[in-house]
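Hi everyone, thanks for coming. Please have a look at it first.

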Amino acid sequence: MVMIKSFSSMAMQNASAIRLSLLVLVVGLSSAQLSSNFYSSSCPNLLSTIKTAVDSAVSNEARMGASLLRLHFHDCFVNGCDASVLLDDTANFTGEQTAGANANSLRGMDVIDTIKSQVENACPATVSCADILAVAARDSVVALGGPSWSVVLGRRDSTTASLSAANSNIPAPTLNLSGLISAFSNKGFTANEMVALSGAHTIGQARCTSFRPRLYNETNIDASFATSLQANCPSSGGDNNLSPLDNVTPTSFDNNYFTNLLSQKGLLHSDQQLFSGGSTDSQVNAYSSNSSAFLNDFASAMVKMGNLSPLTGTNGQIRLNCGKTN
């Protein structure tokens with residue numbers, strides 16, 4: 001009787017061990033589906049093709065580097081890095097391009113389409129639009145003098161998009177510090193990583209409608225800085241007039257964004273919130289005096305962002321045209 005019980009117990013333990021091993025194997029496989037050499041045999045010239053196209057686009061217009069980086073960010077924060085942001089509206093769903101954070105400001109889709117066309121010619125039905133976005137964002141930062149990082153690949157493209165998710169998940173320029181911390185925490189980022197990623201505003205431009213309330217209603221803004229911006233951003237009208245997010249080195253990926261915050265020269269309300277007597281002041285101070293710390297932290301946070309909820313394996317599809325499902 002004791003032997004039978006003992007044998008039964010051993011059998012149960014073995015079964016449990018096997019189940020655990022299978023679980024570990026499955027989890028390991030799903031996380032291993034993204035890899036830096038995913039296309040090394042199926043599309044060996046992919047990375048050089050993307051880099052050449054991005055370098056050309058940024059050389060023609062430096063602002064495009066910021067636009068491509070933003071495109072990847074606005075993709076990943078809405079149901080993961082699945083290129084849903086690129087989908088045009090259909091009869092079945094309204095896409096994300098008319099969301100508050102994207103309407104009249106989302107740019108760079110034409111560059112992605114050009115890259116996709118070149119990649120399809122070389123490697124038909126192989127490389128996802130989501131992966132092209134991730135690599136183009138990295139190459140854009142490098143083209144403007146910023147850090148590089150290894151982009152793991154193997155994401156697949158979504159077959160739908162969500163206007164409501166875009167409206168609720170992409171952080172707004174009107175957010176206070178607590179709202180920013182929450183918006184990034186919802187995606188698994190720490191407050192420090194949020195500050196590092198905000199440093200992307202060292203490049204690019206914003207529309208007057210995004211910062212008008214700050215110019216005319218807020219007091220924690222340098223007076224001469226505000227006055228200089230008001231000429232191009234009147235209290236009414238001129239909604240689409242542009243101003244650089246970093247007015248010192250607007251096309252260089254550096255730490256001047258943080259130095260500007262110390263002197264109350266953040267363009268957006270959400271920018272200045274990072275240095276306004278709150279919990280992130282010390283982080284802004286540190287980045288303003290230590291460029292390499294910022295660049296390293298930014299690169300690490302970008303790797304983490306690129307890994308947000310990717311579609312892998314047989315989920316999703318490899319779109320042949322980034323603007324529509326197959």
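Let's begin with a term we will need a lot: a residue is called buried under 20% relative accessible area, exposed over 50%, and partly exposed in between, using a 1.4 Å probe and protein chains only.

A word on where the values come from. This is a predicted model, in which local features need pLDDT of at least 70 and side-chain atom pairs count only at pLDDT 80 or more, while totals for chains, interfaces and linings use all residues. Residues are numbered from 1 along each chain as its sequence is written, and side-chain values use heavy atoms, with hydrogens and water left out.

Now the overall picture. The chain has 14 helices and two strands. Helices here are DSSP runs of H or I with at least four residues, strands are runs of E with at least two, and both are numbered from the N terminus. Along the principal axes, the C-alpha atoms fill a box of roughly 90 × 50 × 40 Å. Of the 326 residues in the chain, 45% are buried. And if we take contacts between residues at least 6 apart in sequence, 75% of them join residues at least 24 apart. Contact, by the way, means heavy atoms within 4.5 Å.

Back to Gln264 for a moment. Gln264 has a positive phi of about 60° although it is not a glycine, and it sits in the loop between helix H11 (256-262) and helix H12 (269-272). Asn79 also has a positive phi, near 60°, without being a glycine. You will find Asn79 in the loop between H3 and helix H4 (109-122), and at 47% relative accessibility it counts as partly exposed.

Next, the aromatic rings. How many aromatic pairs does a search of the whole structure find? The search finds 14. Rings of Phe, Tyr and Trp (its six-membered ring) pair if their centres lie within 6.5 Å; planes under 30 degrees apart count as stacked, over 60 as edge-to-face and the rest as tilted.

One of these pairs is Phe38 with Tyr39, which is edge-to-face, with 5.0 Å from centre to centre and 80° between the planes. Phe38 is partly exposed at 38% relative accessible area, whereas Tyr39 is buried at 4%.

Then look at Phe73 and Phe184: their ring centres are 6.2 Å apart and their planes are at 15°, so this pair is stacked. Phe73 belongs to helix H3 (residues 63-76) and Phe184 to helix H7 (residues 177-185), so the pair ties together parts that are 111 residues apart in sequence. Phe184 is buried, with a relative accessible area of 4%.

There is also a cluster: ring pairs link Trp149, Phe253, Tyr257, Phe258, Tyr287, Phe294 and Phe298.

Tyr287, along with Gln283 and Ser289 in H13, meets Ser291, Ala293, Phe294 and Asp297 in H14. Sorted by type, the residues of this contact are three nonpolar, three polar and one charged. For that sorting, Ala, Val, Leu, Ile, Met, Phe, Trp, Tyr, Cys and Pro count as nonpolar, Asp, Glu, Lys and Arg as charged, and the others, Gly among them, as polar.

Finally, two positions from the UniProt record. Positions are given in the numbering used here, feature names are shortened, and annotations may be inferred rather than shown by experiment. In an unreviewed entry, UniProt lists "active site" for His74. His74 lies in helix H3. Is His74 buried or exposed? His74 is buried, with a relative accessible area of 4%. Not counting residues up to four places away in sequence, His74 touches Glu96, Ala101, Asn102, Leu106 and Ile170.

His201 lies in the loop between helix H8 (191-198) and strand E1 (205-207), and at 25% relative accessibility it counts as partly exposed. Leaving aside neighbours within four places in sequence, His201 is in contact with Leu245, Asp246, Tyr257, Leu268 and Asp271.
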